[in-house]
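Hello,

Here is the structure I am handing over to you. Please look at it first, then read my notes below.

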Amino acid sequence: MVITGIEKTRKGRYALMADGEFVFSVHRDTFLTSRLAQGLELTSGQLEELWEQDQRYSAVQSALDILSRAAQSSGMLREKLLRHYSPQAVEAALGRMAELGLLDDRDYACRLARDMVNLRGWSLKRVRQGLLQRRLDRDTVEEALSQFGEEDETEPIVRIILKQYRGRLFDPDGLRKTIAALQRRGFGYDSIRTALERIQEEELWRE
């Protein structure tokens, strides 16, 4: 097959024509390193290798771009890259990100779990669901949750109520809204009731 045309696309890639037909486009760096030129003759095997080389390079660049904007789990990043690149290219990109220290599921899960608990006030049940939704495997999720010790919901519920909902405790409608808000955070009704009873019995609302 002979390269019969090369055109720069609006996205900055280079579209290759072989024997008068479009075959695929390549990244600028792939184009430069491969020394592609009109009239160059390539076998179908060479074209396939060129495509795979560009897939790997482009997947790495996309991975770097995605991670520069927000931390990701390997599962989330894999899912995003697979929309555009071959499975082989995606796995190579994930491996490269891990080598660079940019992809660490254990560290990502632990940091995210702390934010969910300390900043968002989520229950461990909801944290578990949130981590699983981010394509983290169960072993990694459970390891991240282990940093909080035994799952006793009463204490965090008490802290949240006294910090955010203290003024609603003696208003029936406000109390219902408080319970609903805590349930949306993933806390069970029995745990919420136990926390409210503790606040009343120990008069913690006076503090």
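Start with Arg120, which lies over the face of Trp122, 5.1 Å from the ring centre. Trp122 also has the charged end of Arg126 over its ring, at 3.9 Å from the centre. A charge is taken to sit over a ring if NZ of Lys or CZ of Arg is within 6 Å of the ring centre and within 35 degrees of the ring normal.

Before you go further, note that this is a predicted model: local features need pLDDT of at least 70, side-chain atom pairs count only at pLDDT 80 or more, and totals for chains, interfaces and linings use all residues. Residues are numbered from 1 along each chain as its sequence is written, and side-chain values use heavy atoms, with hydrogens and water left out.

Aromatic rings

How many aromatic pairs does the count come to? The count comes to 1 aromatic pair. The ring centres of Tyr14 and Phe31 are 4.1 Å apart and the planes are at 5°, so this pair is stacked. Tyr14 is in strand β2 (residues 14-18) and Phe31 in helix α1 (residues 28-34), so the pair links distant parts of the chain, 17 residues apart. Rings of Phe, Tyr and Trp (its six-membered ring) pair if their centres lie within 6.5 Å; planes under 30 degrees apart count as stacked, over 60 as edge-to-face and the rest as tilted. Helices (H or I, at least four residues) and strands (E, at least two) are DSSP runs, numbered from the N terminus.

Tyr14 and Phe31 are both buried. Buried means under 20% relative accessible area, exposed means over 50%, and partly exposed is in between (1.4 Å probe, protein chains only).

Salt bridges

The whole structure has 15 salt bridges, each being a side-chain nitrogen of Lys or Arg within 4 Å of a carboxyl oxygen of Asp or Glu. One of them joins the side chains of Glu99 and Arg96, at 3.1 Å from N to O. Both residues lie in helix α4, 3 residues apart, which is about one turn of the helix. Glu99 counts as exposed because its relative accessibility is 62%, while Arg96 is partly exposed at 37%.

Another salt bridge is between Glu142 and Arg128, with the closest N and O atoms 2.8 Å apart.

In helix α9, Asp173 and Arg176 are 3 residues apart, about one turn of the helix, and they form a salt bridge with the closest N and O atoms at 3.4 Å. Asp173 is partly exposed at 35%, whereas Arg176 is exposed at 53%. Salt bridges that share partners also join Glu155, Arg159 and Arg198 into one network.

Which residues of α3 are buried? They are Ser74, Gly75, Met76, Leu77 and Leu81. These buried residues pack against α2 (44-69), α4 and α5, where contact means heavy atoms within 4.5 Å. In helix α8 (residues 154-164), the buried residues are Thr154, Ile157, Val158, Ile160, Ile161 and Leu162. Their cover includes α9 (172-184) and α10.

Loops

Ser86 is in the loop between α3 (74-81) and α4. Is Ser86 buried or exposed? Ser86 counts as buried, because its relative accessibility is 13%. Leaving out residues up to four places away in sequence, Ser86 touches Trp51 and Gln55.

Asp19 lies in the loop between β2 and β3 (21-26), and Arg135 in the loop between α6 (124-133) and α7 (138-145). Asp19 counts as partly exposed at 49% relative accessibility, and so does Arg135 at 43%.

Leu102 is in the loop between α4 (87-99) and α5 (105-118), and its relative accessible area of 42% makes it partly exposed.

Regards
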